[in-house]
Amino acid sequence: MKIVKIILAAVMLITMSGNPASASRTVKWKLAETWPSNLTPLASPPALVAKMVEEMSGGKFIIRVEGKEKHKAPLAVLDMVKGGQYQMGHSGSYYWKGKDINTIFFTTLPFGMTTAEQYAWFYYGDGMKYMQQVYDRFKVLSYPGGNTGVQMGGWFKKEINSLDDLKGLKMRIPGLAGEVFAKLGVNVTNIPAGELYTSLDRGTIDALEWVGPGMDIRMGFHKVAPYYYTGWHEPASEMQFLVNKRAYDKLSPEYQAMLQAAMKVASADMYYENFAESAEAWDKMKTDFPDIKVKTFPLPVLKAMKKATNEVLGSYAAEDPLFKEILASQRAFMQKARQWTVISDYNYIKTTLELEQ
């Protein structure tokens with residue numbers, strides 16, 4: 001949390017050097033989360049934003065965070081922010097693909113960019129420009145809201161040895177990956193977080209993907225589905241902050257600066273928190289949960305997933321000029337960025353592993 005304190009001090013110094021009177025009005029906002037308020041680290045960014053803006057404003061900018069246990073509408077957060085029932089929301093952009101397929105780009109794509117590559121595209125490429133262009137139609141602002149990094153490929157009750165093992169499987173998997181799996185014969189559904197374990201336990205679904213070991217072990221999925229597959233579908237899953245544009249425009253410039261700074265800090269902090277939790281959980285898995293069978297999908301299955309991904313993306317690009325434009329932007333950035341990722345991160349890890357052999 002040291003970085004949070006440094007940024008708090010910096011932003012307070014900036015706002016104090018301006019016109020304090022313009023930021024003296026007390027503002028009270030509400031924020032709706034797609035997740036339960038205790039489901040960290042997904043629920044961590046909103047809580048941190050609320051804490052930061054309250055401290056930076058001297059207690060005059062208050063954001064009350066309400067989890068899904070309060071508002072009871074986890075997959076209606078965008079509508080509630082758009083309609084003004086809440087000034088802010090915290091969710092995942094790909095949940096709105098039924099409203100606008102272009103929203104998927106701001107979470108992640110199967111076989112897409114890593115977290116570092118994607119953040120670089122957001123802040124130093126065209127990501128933020130395209131994200132706001134898409135969300136302008138909803139009259140809301142959208143910002144990065146925390147990343148999980150590479151997500152695991154999911155929990156399965158039976159081992160996947162071939163494409164035939166996927167056919168007829170009932171699985172919870174959202175976003176574009178759900179469409180990819182549907183092309184391969186999976187019966188795809190999307191279920192809110194609070195219903196996942198029960199659905200898996202009762203056989204309503206045969207498999208599900210959630211996040212990674214840090215969150216998954218706490219959910220207890222390993223008790224009913226022992227096969228745990230490595231990822232392919234969400235290499236850099238970005239959450240999002242949604243902000244009602246009318247409410248934002250009414251804020252003083254000082255409060256706007258506080259909110260922007262807090263969201264950026266909270267976004268980065270969630271990635272650190274989730275990485276730390278997953279590293280800790282993975283370290284304990286072999287001793288604490290020896291029955292978990294960690295698997296990677298067979299190469300023919302992965303090749304079929306990649307082919308189906310390209311077909312789905314190509315189909316949308318042929319129908320939607322904006323989809324085609326954003327996809328081209330991501331692919332061009334990824335092609336350039338991946339060269340550096342390979343030379344830097346990949347080769348460093350490969351070299352150190354070879355030294356340990």
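1. Which side chain meets that of Lys51 in a salt bridge? The partner is Glu55, with 2.9 Å from N to O. A salt bridge is taken here as a side-chain nitrogen of Lys or Arg within 4 Å of a carboxyl oxygen of Asp or Glu. Lys51 and Glu55 are separated by about one helical turn because they stand four residues apart in helix 2 (residues 44-56). Helices (H or I, at least four residues) and strands (E, at least two) are DSSP runs, numbered from the N terminus. Lys51 is partly exposed at a relative accessible area of 41%, and Glu55 is partly exposed at 36%. In these terms, buried stands for under 20% relative accessible area, exposed for over 50%, and partly exposed for the range in between (1.4 Å probe, protein chains only).

2. On the basis of the note: this is a predicted model, in which local features need pLDDT of at least 70 and side-chain atom pairs count only at pLDDT 80 or more, while totals for chains, interfaces and linings use all residues. Residues are numbered from 1 along each chain as its sequence is written, and side-chain values use heavy atoms, with hydrogens and water left out.

3. The salt-bridge count is 14. One of these pairs is Lys99 with Asp79, whose closest N and O atoms are 3.1 Å apart. This pair links distant parts of the chain, since Lys99 lies in the loop between strand 3 (88-92) and helix 5 (115-124) and Asp79 in helix 4 (residues 77-83), 20 residues apart. Lys99 is partly exposed, at 36% relative accessibility, and Asp79 is partly exposed, also at 36%.

4. Asp100 and Arg137 form a further salt bridge, at 3.6 Å from N to O. Here too distant parts of the chain are linked: Asp100 is in the loop between strand 3 and helix 5, and Arg137, 37 residues apart from it, is in the loop between helix 6 (127-135) and strand 4 (140-147). Asp100 is buried at 12% relative accessibility, whereas Arg137 is partly exposed at 47%. Elsewhere, salt bridges with shared partners join Lys183, Lys307 and Glu311 into one network.

5. An open sheet of mixed pairing is formed by six strands in the order 7-6-8-5-9-11. Its edge strands, each pairing on one side only, are strand 7 (187-189) and strand 11 (293-295). Two strands are said to pair if DSSP finds at least two bridges between them. Strand 5 (residues 154-156) and strand 8 (residues 207-208) pair in the antiparallel sense over two bridges, and Trp155 has Leu208 in strand 8 as its bridge partner.

6. Helix 7 (residues 175-183) has as its buried residues Gly175, Leu176, Ala177, Gly178, Val180 and Phe181. These buried residues pack against strand 6 (170-172), strand 7 and helix 12 (299-319), contact being defined as heavy atoms within 4.5 Å.

7. The UniProt record, in an unreviewed entry, lists Trp210 under "binding site"; UniProt positions are given in the numbering used here, feature names are shortened, and annotations may be inferred rather than shown by experiment. Trp210 is found in the loop between strand 8 and helix 9 (213-219) and is buried, with a relative accessible area of 5%. Leaving out residues up to four places away in sequence, Trp210 touches Leu39, Leu42, Gln151, Arg172, Ala193, Leu196, Met215, Asp216, Met219 and Phe221.

8. Pro144 lies in strand 4 and is buried at 4% relative accessibility. Beyond residues up to four places away in sequence, the residues touched by Pro144 include Tyr119, Phe122, Met128, Glu238, Phe241 and Ser267.

9. Gln330 is buried at a relative accessible area of 6% and, apart from neighbours within four places in sequence, is in contact with Phe105, Leu109, Met113 and Trp121. Leu353 is partly exposed at 47%. Tyr348, Ile349 and Leu353 make a nonpolar surface patch of about 340 Å². Such patches are made of residues with over 30% relative accessible area and no salt bridge, like charges being joined within 9 Å and nonpolar side chains (Val, Leu, Ile, Met, Phe, Trp, Tyr) within 5 Å; accessible areas come from the Shrake-Rupley method with a 1.4 Å probe, and for residues only the protein chains shown count as cover.
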